[in-house]
Amino acid sequence: MAFQSELVHFADDLKSAFKVTILADLDRELDVSTSLIKKINKAKADFESRCKPLVSEGKQSAYLFEYSNYKRLVRKLILDAISDKPAMDFYAAVSDCMVQSEVVVEKYLEREESRQSMIALVQKAKQYSRFGRFTRKGAFKIRDSFSFRKKADPQIQEIINKSKAESETGFFYHYLLLKNLTDAESLFNDILKANSIRLLYYYDIDNAPELMPNSLELADSQLKIKQDEAGGKYDPGAEKILGDKIEQAKEAFSRAFFDGIDGFLEKGDYSSWQGSKAVTDIPSFPVFRNLAKDSFDILRSYHQKFDNWHNSIYLLAEDWTLNLEIDSLSYSFEKEYLDFSKIIDSQLRTPFSSKLGELKQLIEESSNTITIQYDLTATDFIESLDKMRIDLRKKLISGYLPQLYEIVERLNLAELIDRFQKDSKLQFEGISKINYLMKNARYDVPLSRSSFEKISPSELINYKMVPDFMDTFPRLKIAFINYFQGIQNRVNEIPEIVDFSIESAIHNFEQEKDKSVAIEIGQKGLKRTEIKLSALLEFHQSFIDKELQGLKSPIEKLIEDINEIKENDNALQVKFYITRHKAIEKSKAIRDRILKKIRHFIPVVLTKAGHIFNFLKISSQKISEQLKVEKGKYFITSDISDYLVATESTIARLPYVYQQLFKMEALSTFEFYYERTKPWEKLTKAYEKWQEGKYAPVAFVGEKGTGKTSLIHKFLSQETGKKKTVYLDLYSKHQSIKDFYLRLEEEALPANNALANSQVVEKKIIAVDGLEQLFSLRLDGFEYMHKLLQLISATYQNIFWVFACHSISWDYLEKTLVLSDFFGYTIKLNELRPADLQQLIERRHNVSGYRMGFVNHQRKKSFFRIKKIDEGELQEILKQEYFEKLHESVKGNITQAFLFWLISAGQIDEDIIYFDQELLPEYSFLKSINKNKLLIMRAILIENGITVENLTDIIRCNKESARLKLDQLMDDGLLKKKENIYYLNPFVYRQVVDELFKINMLH
């Protein structure tokens, strides 16, 4: 009985060694997962308690903030708990178990009685069973197997050395420890698998939608979430089942080891064996040949299983944290968008719309007030309308407009966008640099380290997704800047439309004396203002919607793209894509460097070739025009006159306000002034030099309609009150060249004072519009031009001379007199570009209150079908085409551009005028004009207008013949007559000039 009691203690000691080594370390590993799960559950519970009120109250931004923080917290918990290496070295745990088990066996065999019983059992087992040879060789192999470890446990070495001659020790060590560990190995696997499955359950729960709406789909300002619709709910019952499975697997593993010990020791009465037991009573044992190899194989197998299962958990954690990181990033961007859109809505959309509504109501009330003015006397009627005009203008300019501008300024949208951009950049910079994953990963199986694939989430996201997304912010800022500039221009037009409409009504009444027509003009203008305000309000709303959608779409695209790398297969594909494209970019960079070196030689060759080509092209055109044989003669008949009459009727049927806006006359007020920056800077510089006592007479040179007169008026208006100013318009009244000069001399010189002794009493500015009126093409035509140049030289210190001259006249004078030598500054006004011409016309058009439309002809429809575009885009394309064709026709000449613009007006609706580029005139008939007529038109262009007397002197004919020739050209529609002066019809001005250049009659 005492021996049986010792066996029980022996078994307990072996079990204890197993518990304090393998089971203890296994428990510590499981506790990591258990503790992590408890922390995640607590974080989840805290999040839900905080967020349920937010959901019920519809606080999307706060909800998204909490959800993003919750994802970040769970990610941190996982990263803190699970690293790439296990918390302990399980190799050491199994080694310790082997060491302690060996010690227990040695201790038990120290007692002689126990030793003899065990020896008898071993001997009988060797003699009568399939046990085979059992020698000391096994013990030596244990030592050899363990000795390869650099940090081998010295206790194992000691035990092996002690048991070299003790084959019985090896026998019990094998059957009480190694065999049981081998038998329980599959159960050990079950424990780790159950633990991995438990973590996988939480991984799946965390990735499921939980109380999370698609917050970007904001149909209104409330979150619409039903608790029973939330997916991926946490199930306490499922957690308990998974925990129980781990405990059951751990219990099965322990029981298998313990039962193995108990079963071996209970196979027989070892105390009564001692060689007397019948052979048949001795148990049979499996073959045991190599103790060291078996020990190491078991040790390595347990360690490998433990490590491989930890690899699975680690990859699961990496995948889990990557998903959480991406989710948190997604929710952060959704929150940023939500906050941004709410600010735009509350601080821009709503107050701006409200203020525009108030403005519209004011205009509507004013429109109703005009009607009741009908019964007033003519004088009171004019005074009443004028007072209404002034009051409305004051309310608009001093009241409503500043309030609208204040809304924009208070918002400081540029700073808001910059902050969004900066926050986004910080978000991207915080993305993890390294993660590990596995293609087609399964986390319920053990994985080796060779299965790992390294990726960089930061690189995957930052390579293409981030640049594409970050481009959104400068685009958004530019869009809003353009929008504010555009809407400011459109708002600024409102007072001008109102003012001009009422002023036009007053002007019409003063001419026609018809109150009903005047009231109709005023009311229609105010009605167009209301329509414009409605369109402005609609534009405001649609722009905000469009730009918020323009911001929302890249965010959704970004979230969609980054969510793709949550799938391991997609992440690896993105990694492969980046690697391939980086290689392509590198090869392109090398190729570009080579091409860049080659390109350095090409521009020089192309430039020279271009100059030669242009020279040959221009020369060939001129030679062709001069030498070609025409197939037939086309005579200018009454068709041209009929066409001109038709164009006049077209202009006449346009609204009265519109005709007033596009009058072909120089500006005396400057609401429509088109800024000429460089000419203005030269003029002011010349003025400064004159004030310093320098020689600085100025000549403005440009074609008709390029804005010379308007620029002079603007300069004089700014200097009025500072210096005495004199403006002489030599076009306004027909006088002789002598009369013109004497008028200038009168202004420049004091009375009774000879030119040689001139003493100008005071400094002043004299501006002369029409320098070319001081010479003639006749033989003695430069007499007074010479006198003028002497006058300028004599008076330049006290008079700031400013002249405007027609460009063709200037070119002629430059070739004959080298006129530029007599002026300190020659300022040429170049032709306007298509965009400048468009801006100039749109500025006036917008003041009319009408909208602008363009006719789309059938021939263009097939082209536009290639790409589906909306009406707005189509109108922009048609507008661009129209102004390009207009510029091609008029070459930037403002007067002719206005004329053509009016001629091309087609359909007129209530608040929109449609323009048709096919109504722009053609000028093929100019080629049929004979050279004699072209010579006369050349003389008219050089002198910028001609009289019958001047033409008589120029072409050496009698007066009647000269008049007949001029009247014939006027009948043809090529000339216009004002008083006694014949001018080139503005309708054909630019085209006649081009024709004369082509045939080399102008240079």
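This is a predicted model: local features need pLDDT of at least 70, side-chain atom pairs count only at pLDDT 80 or more; totals for chains, interfaces and linings use all residues.
Colleague: Let's pick a residue. Why is Asn508 called buried?

Modeller: Buried means under 20% relative accessible area. Asn508 comes in at 5%, so it counts as buried.

Colleague: Where does Asn508 lie, and what does it touch?

Modeller: Asn508 lies in helix α15, which covers residues 472–512. Leaving out residues up to four places away in sequence, Asn508 touches Lys513, Val517, Ala518, Ile521 and Tyr656.

Colleague: Lys513 is on that list. How do you know that its charged end sits over the ring of Phe509?

Modeller: The distance part of the rule asks for the charge to be within 6 Å of the ring centre. For Lys513 and the ring of Phe509 that distance is 5.9 Å. Lys714 lies over the face of Trp680 too, at 5.8 Å from the ring centre.

Colleague: On to the aromatic rings. How many aromatic pairs are there?

Modeller: The count comes to 57 aromatic pairs.

Colleague: What makes the pair of Phe90 and Phe188 stacked?

Modeller: Rings pair if their centres lie within 6.5 Å, and planes under 30 degrees apart count as stacked. Phe90 and Phe188 have ring centres 5.3 Å apart and planes at 25 degrees, so the pair is stacked.

Colleague: And what does that pair tie together?

Modeller: Phe90 lies in helix α3 (residues 90–109) and Phe188 in helix α8 (residues 185–207), so the pair ties together parts that are 98 residues apart in sequence.

Colleague: Are Phe90 and Phe188 buried or exposed?

Modeller: Phe90 has 0% relative accessibility, so it counts as buried. Phe188 is buried as well, with a relative accessible area of 0%.

Colleague: Then why is the pair of Phe480 and Phe484 called tilted?

Modeller: Stacked needs planes under 30 degrees apart, edge-to-face needs over 60, and the rest count as tilted. Phe480 and Phe484 have 40 degrees between the planes, with 5.9 Å centre to centre, so tilted it is. Both lie in helix α15, four residues apart, about one turn of the helix. Phe480 is buried, and so is Phe484.

Colleague: Which residues do ring pairs link into a cluster?

Modeller: Phe18, Phe90, Phe188, Phe253, Phe257, Phe258, Tyr302 and Phe306.

Definitions and conventions: Residues are numbered from 1 along each chain as its sequence is written. Side-chain values use heavy atoms; hydrogens and water are left out. Helices (H or I, at least four residues) and strands (E, at least two) are DSSP runs, numbered from the N terminus. Buried means under 20% relative accessible area, exposed over 50%, partly exposed in between (1.4 Å probe, protein chains only). Contact means heavy atoms within 4.5 Å. Rings of Phe, Tyr and Trp (its six-membered ring) pair if their centres lie within 6.5 Å; planes under 30 degrees apart count as stacked, over 60 as edge-to-face and the rest as tilted. A charge sits over a ring if NZ of Lys or CZ of Arg is within 6 Å of the ring centre and within 35 degrees of the ring normal.
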